[in-house]
Amino acid sequence: MKNISKLLAFGFMGLVLASCDDSYDDWSQPQQNPQEEIITLPNFTATVAQPIDFDQVTSDSVTVFTLNEATLPEGVTLEKGRLEITAQNAAKTTVNVSGNGRACTAELLDAVVAAYGKRPVERTMSAEVLLNAMKDGQAALIKAGTIELKLTPKASEYTPIYYLVGELQGWSDQAKTCMFYPESQTVQTYTTQWTGAGNLKIWDDNNFGNWANAIGAATDGDNAASGKLVTSNAGAMVCPEPGAFYTLKVDFETMSYTWTKLDNQTPKEFEKIGLIGDFNEWKSDEEMTATAPHNWTAELTIAADTKLKFRANGSWDDNWGADMNVAEKYYGTGTKGGENIKVPAGKYNVFFNDITGEFVFAAK
């Protein structure tokens, strides 16, 4: 009977049920009460707004839903409320909203990035709409339904993913095994021993497998120490000294590349590299697969937010970490004995270089 009495407080059902309990003390100021009860009013629902591309949003707040306020009882006004947002493999997130369905742009963007990372792909997130309704100085928490938000993170803040294909792992247009390691939004590198013919081309993630869109040298087989990248009729780039350890740096803003020979041509060899952390109780390493000399990859599924590190040969003698959160930037550089890396729940393709300490957690 308590829910009916609350509806009576808003004049919703008339006086015919006046004999019901009329005590409202337990639900005033509901957002401060951990035992808050939620009222559902017939025909009062939120309708989701248009999909939101954050690159197109220039204001501090954005409309996420509209309401059919005509169904509210007379004299009732809506105050601030919240969205309880859920996404697959992510913790529930609360985002504040106004009574007219607007949310803080930064809070909403943080919610989708925390769940999926910064990759500019439209994500669907379920959100329960909860609003504070006021009448005669009393408040009730009303559920206005559940909406499906469609949110796309900012492409302007995302560092694109690039892969190399070539002698290292074969010229298959299916194997995404050698991902470049970003240094910034435009500059990426790959360090290894360039075995065999030492040749390669580059694909961005969106065009992987399309030879017409492969990136490479203007002249096929060019082994110059630096040069220009082309995207039409691209030829293979070749390491200046096949068989030696070099870093290939590519700048996608200037469309140029440089090869730099490593001073140390005999880096320490490791039999295996693994991932260890909260997700496996710091006990048994999630082993990675070698893809090119001193480069490793693994598919990783994390059920809950975790902290982890890379380590070699199942021992702490050689381990790498970084004081950073993958939700904020999906790539970084680990240092020997560094801090634990924070990784949100989700599915990832992980890449690691044991010479440079560079790593990537590419959300799947």
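Predicted model: local features only at pLDDT ≥ 70, side-chain atom pairs only at ≥ 80, totals over all residues.
**Surroundings of S172**

S172 is placed in the loop between strand 11 (162-166) and strand 12 (181-182). Its relative accessibility is 32%, so S172 counts as partly exposed. When neighbours within four places in sequence are left aside, S172 is in contact with V165 and W203. A polar atom of the S172 side chain lies 3.0 Å from the backbone nitrogen of Q174. G209 is 37 residues from S172 in sequence, and the C-alpha atoms of G209 and S172 are 8.2 Å apart in space.

**Aromatic rings**

A search of the whole structure finds 20 aromatic pairs. One of them is formed by Y158 and Y330, which are stacked, with 5.7 Å from centre to centre and 25° between the planes. This pair links distant parts of the chain: Y158 is in the loop between strand 10 (138-152) and strand 11, while Y330 is in the loop between strand 25 (319-321) and strand 26 (331-333), and 172 residues separate them. Both Y158 and Y330 are buried.

The pair of F180 and Y190 is edge-to-face, because the ring planes stand at 70° with the centres 6.0 Å apart. F180 belongs to the loop between strand 11 and strand 12 and Y190 to strand 13 (residues 187-193), so the pair ties together parts that are ten residues apart in sequence. F180 and Y190 are both buried. The loop that holds F180 is also the place of S172.

Elsewhere, one aromatic cluster is formed by F270, F310, W320, Y348, F352, F359 and F361. A ring also takes part in a contact with a charge: the charged end of R311 sits over the ring of W316, at 4.5 Å from the ring centre.

**Salt bridges**

The structure holds 15 salt bridges. Among them are the side-chain pairs in the table.

| Side chains | N to O distance |
|---|---|
| R82 and E84 | 2.7 Å |
| E183 and K249 | 3.7 Å |
| K336 and D318 | 3.3 Å |

E183 counts as partly exposed because its relative accessibility is 43%. K249, at 35% relative accessibility, also counts as partly exposed.

The side chains of K336 and D318 meet in a salt bridge. This pair too links distant parts of the chain: K336 is in strand 27 (residues 335-336) and D318 in the loop between strand 24 (306-312) and strand 25, 18 residues apart. K336 has a relative accessible area of 51% and is therefore exposed, whereas D318, at 10% relative accessibility, counts as buried. The cut-offs place buried residues under 20% and exposed residues over 50%.

Salt bridges also join residues into a network, which links R119, K176 and D205.

Methods. Residues numbered from 1 in each chain as written. Heavy atoms only, no water. Helix = DSSP H or I, 4+ residues; strand = E, 2+ residues; numbered from the N terminus. Buried < 20%, exposed > 50% of the residue type's maximum accessible area, 1.4 Å probe, protein only. Contact = heavy atoms within 4.5 Å. Polar contact = N/O pair within 3.5 Å; in protein donor to acceptor, adjacent residues only side chain to side chain. Phe/Tyr/Trp six-rings, centres within 6.5 Å; stacked < 30°, edge-to-face > 60°. Lys NZ or Arg CZ within 6 Å of the ring centre and 35° of its normal. Salt bridge = Lys/Arg side-chain N within 4 Å of Asp/Glu carboxyl O.
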